[in-house]
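Please look through the sequence and the model before reading on.

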Amino acid sequence: MHSPLVPIPPRASQYGIEPELVKTRVSELPRMTSVLLKELFPDLPEVIYPSSEGLDAIRKASVAALQKVDMSKIKPEHSVNILASHHGFTLLGGEPYAELLRTIRDVVEARTGCHNIRLRAGVGLRFRETEEYIKRYGLDKDFNGKAIGVAPIDQGIAIETEIGTLYGIKKVYDADWIIHAHNSDVREVHFHRQVDRAVKPFGMSYARIETRSTYHQNLGPRAANFTARAIFDSPFVQSKFAFAAFLTMAPNGIVGVDVDSNLYALNDRVTEIGCRYYGKMMTLLGEIDECIAALDFPAPAVYVFSAGVIYANFAGANTDLYDLELPLPAYTWYTESFYGKLGRPLLDEIPPMNKAIKMTVHNYAWTGYPCAFFTEHIPTVVVGQEQAELFNRDPQNLNYMKHAVVSESTEDAMEFAYKASGTRKVIVFDGAMGGINVSEPLAELLLKKAPEVSERVEETLLPKWLRQRGVRL
Amino acid sequence: MKVVNLLAVVEQDKCRGCRICEFVCPVVAIKMENRMAVIDNGRCRGCAACEQRCPEYAISMVKREQPVFVKVDVSAVDYTQIEELCTKAKFNPEQLICYCTATRAEEVAAAILQGAESPEELSYLTGVRTGCKVECIQPLLRLLAAAGIEPRRPKDGWQWYGKTVTVWEIPEEVKQKYASRGFYFDEDIELLNRIVEAPLQGRSDT
């Protein structure tokens, strides 16, 4: 057993409480420990970050990867939009992604002589989130004042696709060339099911509300991802696409940088690493029989991280999120919408939220994503009246606190959760790098179950998952 | 139902009259007067779209002294008509179409059957699309289309651009072309059809 790992610190943001109000982190409490992810799965790849080299490793890997891509079509008189998304800034403190963006800019300028290089950073449902990151990481200065956040309600542009007209954000496409700068972290597996993960931002953070609503309301849980492919494959987007540059992620950190002008080739590599390494981690989390989930990370409740996995995926870890034969995970927006007026699913086959989560302690998480479904289905204690009040002022979470109770301190909240749930197993979603902060009984369980899970994924599940996605190793 | 507990307030000395707040307001509650944004307090649904997109940070959201409860009375309409409209748009009447406000298809259908003719009017009457402001535009456009209504876009506005494809309309050649890449079109059609036909849990709010 190790000491707990250092969690990602609270961040000043309009979407969360003031950092100084976060008095205690859950990992600081007695009887908390940590497990290194390499102890669970020794075959996890070696990472370049975190490492002793720090951000230099990211710049070095980015420069090396960018050398391999053809930039000859970008001329000095052209304009280039480097397209970013909020998600990258939530990984490992955000600096690695910011460094990738800076490096792309610098290399493109040096290689092509083009100076009109802009950053267009898309968002999820917190429309000023990337504005905050641009300031935090000094990207406005790095991009000579040409860095802006863009939101899905901004002015749109019609894009003709093979399934009809869809809509992008005009400012995303207002350059001669676009560079898709993203990462392979799996994040919302419950939504994208690891299908075309690398393409998804074209239907989401670069897209208007009409397109995003098509994804989440019109196509169904397993056809939804086609929205992004349709836009990316459109003649309009293809006429502007230069290349993609990705941070390659594993649950234990950043493995490298992948650059390719063929997004689908890159996507196949992303699919394999996503299924293999994140698939193991999610399958292992699905083995947890009972626990308290502690949310303690600067992101909305669904997006808080533990072992590279977000809480939304843990809420659905009672089913195999990667198995496309299963239409609906326990949590997706489609699933949520299919609960009737009596609070039961409209179809008996819809799985319940992960019953292993006996209670949730919401120590620190942001607003800006509709999360009432979680408090409706999982007993939840929110720490601090200020945080409760913030949720009561969030148009997306006006029902969140209807189903949650408030505790004055982290210590009181956890004591209540221990007594009310009867379990001593705790998993902390606090973004700890390279490992997972848990209570001792849960550490023992994870270490015991991991070898069998690893074998099951390698032998049985991974071949099926890749076959379903048409990816050959 | 939506509880509207916030109100947008413009700091007039910061407003430069760019009209972005007017273009993004989902209930058309903002007009320009003398090149200044003016909020119709009675119409504002507290969604904060204007506050989040104002380039001058001239708009803030303040707590209303008295919250406003926004809801359309489903029982005021013959439920058979609601069922017919929802089914035509391929929704179960009890299906949630707005996750933020927990608005169900039946309430939007009831609003249409009582005369609402645009997404903006539906947002004003039910609160739908005044939470995240992103995900529920297509259900509104589908339900309006099912009622035979072609809504007009607000002049110059960015509130919405158009109805898009549903899974039932994906061309066969597209389905065939991408069948091996993990897109389960026909299987999702089968699932969604069963949702549409699933038994109701409560016939109406009453």
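Helices (H or I, at least four residues) and strands (E, at least two) are taken as DSSP runs and numbered from the N terminus. The model is predicted, so that local features need pLDDT of at least 70 and side-chain atom pairs count only at pLDDT 80 or more, while totals for chains, interfaces and linings use all residues. Residues are numbered from 1 along each chain as its sequence is written, and chains are lettered from A in the order in which they are written.

**Exercise 1.** State the secondary structure content of chain A, and examine why its radius of gyration agrees with that of a compact globule.

Solution. Counting the runs gives 16 helices and 17 strands in chain A. Along the principal axes, the C-alpha trace of chain A extends over about 65 × 50 × 45 Å.

**Exercise 2.** Describe how domain 1 of chain A meets domain 2 of chain A.

Solution. Begin with the bounds, which come from an automatic or database domain assignment: domain 1 of chain A covers 19-44 + 280-451, and domain 2 covers 55-250. Their C-alpha centres are 29 Å apart. Next, with contact defined by C-beta atoms, placed from the backbone, that lie within 7 Å, domain 1 of chain A contributes 22 residues and domain 2 of chain A contributes 18 residues. Finally, on the domain 1 side, α11 (311-314) and α12 (333-337) of chain A each supply at least two residues.

Methods:
The radius of gyration is taken over C-alpha atoms; the globule rule is 2.2 Å times the number of residues to the power 0.38. Two residues are in contact if their C-beta atoms, placed from the backbone, lie within 7 Å.
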